Amino acid sequence: MDTLWDNIEKLSAVCRAAGAHLPDEELKALQIGKVAEEAGEATHALHGLKGLTTCGDDHTWSEVQNDLGGAVIAALLAMH
């Protein structure tokens, strides 16, 4: 059975392959930026859940959790 880190390693290999044309430091910086992007999406979904958006987006707790999961995975990939 694969562990979490086994799966992160597989995903990281896919990301490295997609960014093979970039210098390592730039790829790392982009991965860290992805963490912030995903966290921002979770924040936006939370605002939508609480009716605090000006654009009228409605969100559910499940969407907030999904975006948080994306932030966690992005963080694990950046850590790897």
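Me: How do α1 and α3 lie to each other, roughly parallel or roughly perpendicular?
Reply: The axes of α1 (residues 4-18) and α3 cross at roughly 75 degrees. Angles under 35 degrees count as roughly parallel, over 145 as roughly antiparallel, 65 to 115 as roughly perpendicular and the rest as oblique. α1 and α3 are therefore roughly perpendicular.

Me: What kind of model is this?
Reply: Residues are numbered from 1 along each chain as its sequence is written, and side-chain values use heavy atoms, without hydrogens and water. Local features need pLDDT of at least 70, side-chain atom pairs count only at pLDDT 80 or more, and totals for chains, interfaces and linings use all residues; this is a predicted model.

Me: How many helices does the chain have?
Reply: Helices (H or I, at least four residues) and strands (E, at least two) are DSSP runs, numbered from the N terminus. The elements run α-α-α from that end. There are zero strands, and the helices number three.

Me: Within what distance do the axes of α1 and α3 come?
Reply: Axes are lines fitted to C-alpha atoms, for helices over the stretch in contact, and angles run from 0 to 180 degrees between N-to-C directions. For α1 and α3, the axes come within 9 Å.

Me: Which residues of α3 make the contact with α1?
Reply: Contact means heavy atoms within 4.5 Å. Leu 4, Trp 5, Ile 8, Leu 11, Ser 12 and Cys 15 take part from α1; the α3 side is Ile 73, Leu 76, Leu 77 and Met 79.

Me: How many nonpolar residues does the contact of α1 with α3 have?
Reply: Ala, Val, Leu, Ile, Met, Phe, Trp, Tyr, Cys and Pro count as nonpolar, Asp, Glu, Lys and Arg as charged, and the others, Gly among them, as polar. This contact has no charged residues and one polar residue; its nonpolar residues number nine.

Me: How do α2 and α3 lie to each other, roughly parallel or roughly antiparallel?
Reply: α2 (residues 24-49) and α3 (residues 61-79) have their axes 8 Å apart. The angle is about 170 degrees. α2 and α3 are therefore roughly antiparallel.

Me: How many charged residues are in the contact of α2 with α3?
Reply: The contact includes Lys 34 and Glu 38 of α2, and Glu 63 and Asp 67 of α3. Its residues include 15 nonpolar and two polar; the charged ones number five.

Me: Is Gln 31 buried or exposed?
Reply: Gln 31 lies in α2. It is in contact with Cys 15, Ala 74, Leu 77 and Ala 78, leaving aside neighbours within four places in sequence. Buried means under 20% relative accessible area, exposed over 50%, partly exposed in between (1.4 Å probe, protein chains only). At 13% relative accessibility, Gln 31 therefore counts as buried.

Me: What is the relative accessible area of His 80?
Reply: His 80 sits in the segment after α3. Not counting residues up to four places away in sequence, His 80 touches Trp 5, Ile 8, Glu 9, Ser 12 and Arg 16. His 80 is partly exposed, at 42%.

Me: What separates the C-alpha atoms of Leu 68 and Asp 6?
Reply: Leu 68 is in α3. At 41% relative accessibility, Leu 68 is partly exposed. Asp 6 is 62 residues away along the chain, and the C-alpha separation is 21 Å.

Me: What radius of gyration does the chain have?
Reply: The radius is taken over C-alpha atoms, and the globule rule is 2.2 Å times the number of residues to the power 0.38. The C-alpha trace spans about 40 × 35 × 15 Å along its principal axes. A compact globule of 80 residues would be near 12 Å, but the chain has 15 Å.

Me: What share of the residues counts as buried?
Reply: The accessible surface comes to about 5,600 Å², with 62% belonging to carbon and sulfur atoms. Such areas come from the Shrake-Rupley method with a 1.4 Å probe; for residues, only the protein chains shown count as cover. Of the 80 residues, the buried share is 21%.
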